[in-house]
Amino acid sequence: LPNTTTQAELLRVIENLNSDSSVHGIIVQLPLDSVETIDANLITNSIIHSKDVDGLSEVNAGKLSRGDLSNCIVPCTPRGCLELIERTQLPVKGKRCVVLGRSKIVGAPMAATTMSASRTT
């Protein structure tokens, strides 16, 4: 989309993608590159949670923060990190995990997944 896209135009595009059964996932590249003022939270929350690939909607982020990992989309970087940790087969339960950063797409989800999966404190 061009950098002149308005919030209303972007919401229409997302609505069309939400209703398109051939589209299985939607990613909105943040920060939004538009000369128009666009509410990023409104945009990410307009994506239906089953297509929210980055897990940024309030539904997915809320489930993740509650530890409902089986019923939400975990962003790919934290999911990949957990997969790597599991593949080491080292005992990590009860260990301390340090996550630097609190971004919505990596830091916060990484902290939530490690704690909720009872892997670390």
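This is a predicted model: local features need pLDDT of at least 70, side-chain atom pairs count only at pLDDT 80 or more; totals for chains, interfaces and linings use all residues.
Residues are numbered from 1 along each chain as its sequence is written, and side-chain values use heavy atoms, with hydrogens and water left out.

The chain contains five helices and zero strands, where helices (H or I, at least four residues) and strands (E, at least two) are DSSP runs numbered from the N terminus. Read along the sequence, the pattern is α-α-α-α-α. The C-alpha trace spans about 50 × 30 × 20 Å along its principal axes. Of the 121 residues, 27% are buried; the term buried denotes a relative accessible area under 20%, exposed one over 50%, and partly exposed a value in between (1.4 Å probe, protein chains only). Among contacts (heavy atoms within 4.5 Å) with a separation of 6 or more, 62% are between residues 24 or more positions apart. Alanine 61 belongs to helix 3 (residues 58-65) and is partly exposed, because its relative accessibility is 34%.

The largest nonpolar core consists of eight residues, namely Leu10, Ile14, Val23, Ile26, Val28, Ile38, Ile43 and Ile47. Such a core is a set of buried Ala, Val, Leu, Ile, Met, Phe, Trp, Tyr and Cys residues joined through side-chain atoms within 4.5 Å. When neighbours within four places in sequence are left aside, isoleucine 14 is in contact with Ile26, Val28, Ile43, Ser46 and Ile47. Serine 57, in the loop between helix 2 and helix 3, is classed as buried because its relative accessibility is 2%. Residues up to four places away not being counted, serine 57 touches Thr44, Asn45, Ile47, His49 and Asp52. In helix 5, the buried residues are Gly107, Pro109, Met110, Ala112, Thr113 and Thr114, and these pack against helix 3 and helix 4.

Rolling a probe the size of a water molecule over the atoms shows where empty space is left. One cavity of 30 Å³ or more was found in the whole structure. A cavity is a set of points, on a 1 Å grid over the protein atoms alone, where a 1.4 Å probe fits but cannot get out, and its lining residues have an atom within 4 Å of a point. Grid points are joined across faces, edges and corners, and a volume is the space filled by probe spheres set on the points. The largest cavity holds about 30 Å³ of space and is lined by Ile26, Ile27, Val28, Thr44, Ile47, Asp52, Asp54 and Leu56.

Two salt bridges were counted, each defined as a side-chain nitrogen of Lys or Arg within 4 Å of a carboxyl oxygen of Asp or Glu. In one of them, aspartate 68 pairs with arginine 66, the closest N and O atoms being 3.8 Å apart. Aspartate 68 is partly exposed, at 21% relative accessible area, while arginine 66 is exposed, at 63%. Glutamate 83 and arginine 87 form a salt bridge with an N to O distance of 2.7 Å. Both residues lie in helix 4, four residues apart, about one turn of the helix. An α-helix has 3.6 residues a turn, so residues three or four places apart point the same way. Glutamate 83 is partly exposed, with a relative accessible area of 35%, and arginine 87 is exposed, with 64%.

The length of helix 4 (residues 76-88) was also examined. Helix 4 is followed by glutamine 89, located in the loop between helix 4 and helix 5 (107-116). The phi of glutamine 89 is positive, near 60°, in a residue other than glycine. Most residues other than glycine have a negative phi, and most peptide bonds are trans. Glutamine 89 is exposed, because its relative accessible area is 73%. A cis peptide bond, with omega about 0°, joins leucine 30 and proline 31. Proline 31 lies in the loop between helix 1 (7-19) and helix 2 (40-46).

How values were computed. On a 1 Å grid over the protein atoms alone, a cavity is a set of points where a 1.4 Å probe fits but cannot get out, and a pocket is an open set with protein on both sides within 12 Å along at least five of seven lines; lining residues have an atom within 4 Å of a point.
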